[in-house]
Amino acid sequence: MSVEATAPAAVIVLAAGAGTRMKSAKPKILHQIGGKSMVGHAIAAARGLDPERLVAVVRHERDRVAAHLLEIDPSLVIADQDEIPGTGRAVQVGLEALPEDLEGTVVVTYGDVPLLTGELLAELVAEHNAGGNAATVLSARLEDPTGYGRIVRDTDGSVAGIVEHKDASDEQRAIDEVNSGIYAFDAAVLRSALKQVTTENAQGEMYLTDVLSIARNDGGRVAAVVTEDPWQVEGANDRVQLAALGKELNRRTLTQWMRAGVTIVDPESTWIDVQVALSNDVTIKPGTQLHGHTAIGTDAVVGPDTTLTNVQVGPGATVTRTDATDSVIGANAKVGPFAYLRPKTDLGEDGKIGAFYETKNARIGKGSKLSHLGYSGDSVIGEYTNIGCGNITANYDGEKKHQTVIGSHVRTSSNTVFIAPVSVGDGAYTGAGAIVRKDVPAGALALSVAPQRNTEGWTEAKRPGSDSARAAAQASGQPASNS
């Protein structure tokens, strides 16, 4: 059944918890896996239903969480949970942020279930609507259900109730079907039942599970939809669980890409964020991490031991043992090994950034090469230029950054230093060790060479008795001095 056919009136995402077991200054739901915060994944799943309205209920680190939520989804509604504890109160606060006459299905989910998908939520809503249910709970069967609330079913298969583990009998604890805490409710039933939920229990909280028994006692049908994929309803309460969820999400992401025609040589050592885009016939070698909005074109080869964050890699490019961020690598270009591309590096088609090179805010034209052992920052380089070994753009004067502009078909010799701001015209050359302080006209040769002076006998005079002095004496056929 399509998502459109089962779109709910609203989704309420509960995101108010403190998450103390994470032992972090950062709110639990803001911790990331797969390049997104846990609550970011939850919001994406909720939006997958195309709900008429989306509400997030917040409390702990309210301003920080709300700002993050509005950054990833500016159209959602923020609702603030008050001093009354419990998931029932959180949902009630969420409902109060919606129109009083709201009708239809309301889905309740959580900000710490990052593997939940919009497809599974759509299945829940479809079953809820098809059965005309008052409430429908998403459940899962676990080999070890210890600690979870058990789904107790009636003889007709409907849900008779949910019993918490600590309150369950031995017979009930043998049930392997557990409550995920994710529900679809009829809006009117939910609104009415929450008015009857109290805090008169051992924990002093408003339990959302009480809504189910109230709805059933009022003659409504309560059902459960069992997911075949328990990972989708797993939450993360500490960093051990967060890591496990992250590993499983990564496994699913890699599987998706491999089935789409991407070669991943070693899935165990490869990490790819969910927002990364890969074309068919891309090859990813071991030890590679692809983060953010990285996109890689057909036939490109990335790795081994490479980390790319928000990098666009063109078709046929090769990127080896490289760390790059917020950069562009053109078609058929070559980068690495041991290259460091800082933000705003733009390498043109057929270009090269070679071994032990660092770039920053550098625009490098088609076919140009920065082969090894250098730095190019705040620079513009034309087409088919060859930058020699050990070249450096000295772009910082201690207060401001300045630009170096090098034209097309330029050839620079080893250890050239460009003292920015400076420009080099098309077809120009530089000599080895040149320090370029003034603009170089097109077709000119730039030299900055002092006359070489050799001081004969310096080693024996200044380093007598040394191995160097003995070697020099032997080479010249003279006896070495020991003084």
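Predicted model: local features only at pLDDT ≥ 70, side-chain atom pairs only at ≥ 80, totals over all residues.
Biologist: Where does tyrosine 396 sit, and what does UniProt list with it?

Modeller: Tyrosine 396 is in the loop between strand E30 (392-394) and strand E31 (404-406). An unreviewed UniProt entry lists Asn395, Tyr396, Ser414 and Ala432 under "binding site". Such annotations may be inferred rather than shown by experiment.

Biologist: Why is serine 414 called partly exposed?

Modeller: Its relative accessible area is 35%. Buried means under 20% and exposed means over 50%, so serine 414 falls in between. Serine 414 lies in the loop between strand E32 (411-412) and strand E33 (417-419). Leaving aside neighbours within four places in sequence, serine 414 is in contact with Cys389, Asn391, Gly431, Ala432 and Gly433.

Biologist: Why does histidine 41 count as buried?

Modeller: Histidine 41 has 7% relative accessibility, and the limit is under 20%, so the term applies. This residue is in helix H1. Not counting residues up to four places away in sequence, histidine 41 touches Ile33, Lys36, Pro114, Leu249 and Val274.

Biologist: How do you know that the reach of helix H4 is close to the expected one?

Modeller: Helix H4 (residues 118-131) has 14 residues. After H4 comes glycine 132, with a positive phi near 60 degrees.

Biologist: What do the buried residues of H4 pack against?

Modeller: They pack against helix H1 (38-47) and strands E6 (105-110), E7 (135-141), E10 (177-186) and E11 (222-227). Among these buried residues are Leu120, Leu121, Val125 and His128.

Biologist: What makes a set of residues a nonpolar core, and how many residues has the largest?

Modeller: The members must be buried residues of the nonpolar kinds, joined through side-chain atoms within 4.5 Å. The largest such core has 70 residues, and those with the most contacts inside it include Leu69, Ile182 and Leu190. Strand E1 (residues 10-15) gives the most to this core, with 6 residues. Apart from it lies another core, of 42 residues, among them Val262, Ala317, Ala362 and Val422.

Biologist: Which residues is leucine 190 in contact with?

Modeller: Beyond neighbours within four places in sequence, leucine 190 is in contact with Val91, Leu95, Val106, Phe185, Leu208 and Val211.

Notes: Residues numbered from 1 in each chain as written. Heavy atoms only, no water. Helix = DSSP H or I, 4+ residues; strand = E, 2+ residues; numbered from the N terminus. Expected span 1.5 Å × (residues − 1). Buried < 20%, exposed > 50% of the residue type's maximum accessible area, 1.4 Å probe, protein only. Contact = heavy atoms within 4.5 Å.
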